[in-house]
Amino acid sequence: MLKFIKHHMDTIAGIGLYPAISFVLFFSFFLGMLWWIRSVSKGHIAHMTALPLAEDKQPNDSLHHAN
Amino acid sequence: MIERFQYDNRIVKNFLFVTILWGLIGMLVGLTAAIQLVVPSWNFADWGSFGRLRPLHTNAVIFAFVGNAIFAGSYYSLQRLLKTRMFSDALSAIHFWGWQLIIVAAVITLPLGMTTGKEYAELEWPIDIAITLIWVVFGINMMGTIIKRRERHLYVAIWFYIATWVTVAMLHIVNSIELPISFTKSYSWYAGVQDALVQWWYGHNAVAFFLTTPFLGLMYYFLPKAANRPVYSYKLSIIHFWSLIFLYIWAGPHHLLYSALPEWAQSLGTVFSIMLIAPSWGGMLNGLLTLRGAWDRVREDPVLKFFVVAVTCYGMATLEGPLLSLKSINAIAHFTDWIIAHVHIGGIGWNGFMIFGMAYWLVPRMYGTKLHSVKLANAHFWLGTLGIVLYAVPLYFAGFFQSLMWKQFTPDGFLVYPNFLDTLLEIRTAYWLRVIGGSVYITGVLLMIYNVRKTVSAGKLIANEDAEAPPLEKLVEAKETGHWHRWVERRPIQMLILSLIVVGIGGVLEIVPTFLVKSNVPTISSVKPYTPLELHGRDIYVREGCYTCHSQMVRPFRSETERYGEYGKAGEFVYDHPFQWGSKRTGPDLLRVGKKYPDSWHYYHMYDPTSMSPGSLMPAYPHLFEDLLDTTTTRKKIEAMITMGVPYDEGFPAMANTDVIAQQDRIVAALKKDGIEAQKEMEIIAVIAYLQRVGTDIKAKEIVETKPTNP
């Protein structure tokens, strides 16, 4: 399969376009993400932030009473 | 209605203990290799020489030490963040034992010289397949756990695990495409520049998605836990995640600056590497700021101390990495010990210290007891920190100054250090300091092992930890006007696919053009396939791990062309399965070594390097003078090359061994002229054939280079 790709496509027009495409892709993705983050509700963030601490039944100080 | 269930601690404990065991072994192998660099006699056997132990060291610390730690930490946190037991105890066990078997296979095969010759991907094809299968088991177990969860939303740590899983799967499969010629030998499907690009796309992202993203997941879970306060900014962690996985995948080509890789790909790698500073530092600050107002606790809690230094090392390494991808800095640092220092800041600082902190936090909890000795843990912390400093600082100096020595010219325009060896001997002190630093670091690990053992014997494993939570259905919120991201966050499969698309776009845009465009790799008409004997010699070169110390890539600098000869061209490597550009010069570059010395020079040099090069630190290879060349595979090797597009004549495989004998006779005759009675069946003859061929095709009179039509 790779042999086919390697030897049958001899040129590709505008190779310099690739860095540009990648930059535009990243930048729009990044903007979209920022837009979403701005609009996410406080309650949701608070819920997510508390997740790792929520299930703690054991005291968190097992180190401090050792010798 | 509340459901009762139990968390599986046994699997976490198993993974954690083997993490420590393999960590110690991997570090001791590293220490041995470090000593071998200053005391050549420590290359005690053919299987124990630097070229074979160095891959064992890197594979052991990456896949055994760090790998098992990823599984331990993610199995612990997944269960708790999702409020459920792991999907299947059987899959957990298969995952555990399968991974350990793979490691054992690596420990056996790498010293035996069974290697693909591609860094951090050295394991041969049967092991590659095993890795794929076990990785799938891990994936099913993780996704199964996510699907049967009791918490609707996936915490950011889990996103990091998912992205890790999907990306490592992609990298491993693409980079491991190889053509087997036997159970223990295969050739990389890619050749030359393409092989280099795929390899460093893999190599760089193995660092990104095996050593970094899973550990960021662990950081986002264990750091808030240990500090007992929420992460500084959850929003920042989301930005951290998406920008990191999107950017990382593009940065691979920065390992190939000034090489024969097309210019646009090199620039792409640099630009994305620089952009990486932003999310990396965002993540580091997010970690450190989680401790705001808790710094008094950092002073007394060794777990937090380890985490603080780990996260700081993450910040240092991720600032340094982008700087190293600037061409001007890369020109100095590449191929030197600077890079070794850089990766160890990441390896023993970031990964090592995260693992130690995690171990000190997990063991007392899972054994329902207190840590045996906080004092010892503190001692470990200080020994570890001192070890990192003693390891890295001398190597930074060594790398910088050796590079300057390579580049130094007299006023008359001659190299100040024309003999490579002189620059190596100048930095031997730094190599000794590195040995001391490593030893101090390992001493700390021994303290931890003792401490953990004592803690374990004082408590009893809570193999199944009771927990309770309401089932998921009851949690449905009255009405959710969802955003796309919350929609994704609740749907792990979609999350997995989105991650794959994000990293896939980067990989495809980076790699495909180099494959598609024939004109990207200019062909040089004088470059011909290797003779069968040279091919055998090349395989021995790969087997002995010569690439761990010798590059085959002369960069277009005057200091390098002056020292080595013409710089490397993309078209020269089209028959190199795998490429052997290397990444570190403990010895000189070998691209233009062909025909530089007589055959007898190589004969003596391989038997005892100091005979030709007094003071040389290179291992001797006496076994090449005892072992017979295996010519039963000649035909298969040539056929494999033909399959991959190397233009040998049709009937050639059948008569390849005749060609082997003819060339052996010529070399033996040349040696005889210099008074050496050599046996032609010995492996050394093949090695000489290869070394005399490397990089010579371009010296042929007629050099016709077809330029890329679309630059």
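**Figure 1. The loop that holds B:F335.** B:F335 sits in the loop between α12 (327-333) and α13 (337-366) of chain B. This view, like every other here, comes from a predicted model. Phi of B:F335 is near 75 degrees, a positive value, and B:F335 is not a glycine. Most residues other than glycine have a negative phi. Is B:F335 buried or exposed? B:F335 is buried, because 23 other C-beta atoms lie within 10 Å.

Figure 2. B:K83 is placed in the loop between α2 (50-82) and α3 (89-109) of chain B. Its phi is positive, about 55 degrees, although B:K83 is not a glycine. B:K83 has 21 other C-beta atoms within 10 Å, so B:K83 is buried.

Figure 3. Most peptide bonds are trans. The bond from B:H577 to B:P578 is cis. Its omega is near -5 degrees. Where is B:P578 found? B:P578 belongs to the loop between α20 (558-563) and α21 of chain B.

Figure 4. Helix α21 of chain B covers residues 599-607. Which residues of this helix are buried? They are B:D599, B:H602, B:Y603, B:H605 and B:M606.

**Figure 5. The largest nonpolar core.** In soluble globular proteins, nonpolar side chains tend to be buried together. Here the largest nonpolar core holds 215 residues. Which residues touch the most other members of this core? They are B:I158, B:F307, B:A310, B:M354 and B:A359. Helix α6 (residues 192-227) of chain B supplies the largest share of the core, 23 residues. For a closer look, take B:F307. With residues up to four places away in sequence left out, B:F307 touches B:L223, B:A226, B:M354 and B:G357.

**Figure 6. A hairpin in chain B.** Strand β2 (residues 178-182) and strand β3 (residues 185-188) of chain B run antiparallel. Four bridges join them. The two strands, β2(B) and β3(B), form a hairpin with two residues between them. Which residue of β3(B) is the bridge partner of B:L179? The partner is B:Y187.

**Figure 7. Where domain 3 of chain B meets domain 4 of chain B.** The domain assignment divides chain B into domain 1 (1-149), domain 2 (154-285 + 484-516), domain 3 (291-476) and domain 4 (532-699). The C-alpha centres of domain 3 and domain 4 of chain B are 37 Å apart. How many residues of domain 3 are in contact with domain 4 of chain B? Ten residues of domain 3 are in contact with 14 residues of domain 4 of chain B. On the domain 3 side, α14 (374-407) and α15 (420-426) of chain B are the elements that give two or more residues. α15(B) gives the most to this side, with four residues. By type, the residues of the domain 3 side divide into nine nonpolar, no polar and one charged.

**Figure 8. B:I127 in helix α4 of chain B.** B:I127 lies in helix α4 (residues 125-147) of chain B. Why does B:I127 count as buried? It has 22 C-beta neighbours inside 10 Å, and the cut-off for a buried residue is 20 or more. Not counting residues up to four places away in sequence, B:I127 touches B:I102, B:A105, B:A106 and B:T109. B:R297 is 170 residues from B:I127 along the chain, and their C-alpha atoms are separated by 45 Å.

Figure 9. Chain A has three helices and zero strands. Along the sequence, its pattern is α-α-α. Of the 67 residues in chain A, 10% are buried. A:W35 lies in helix α2 (residues 17-39) of chain A. Is A:W35 buried or exposed? A:W35 counts as exposed, because it has 10 C-beta neighbours inside 10 Å. A residue is exposed at 12 or fewer. A:M48 is 13 residues from A:W35 along the chain. Their C-alpha atoms are separated by 19 Å.

How values were computed. Residues are numbered from 1 along each chain as its sequence is written. Chains are lettered from A and ligands numbered from 1 in the order in which they are written. This is a predicted model: local features need pLDDT of at least 70, side-chain atom pairs count only at pLDDT 80 or more; totals for chains, interfaces and linings use all residues. A nonpolar core is a set of buried Ala, Val, Leu, Ile, Met, Phe, Trp, Tyr and Cys residues joined through C-beta atoms within 7 Å. Two residues are in contact if their C-beta atoms, placed from the backbone, lie within 7 Å. Domain bounds come from an automatic or database domain assignment. Ala, Val, Leu, Ile, Met, Phe, Trp, Tyr, Cys and Pro count as nonpolar, Asp, Glu, Lys and Arg as charged, and the others, Gly among them, as polar. Two strands pair if DSSP finds at least two bridges between them.
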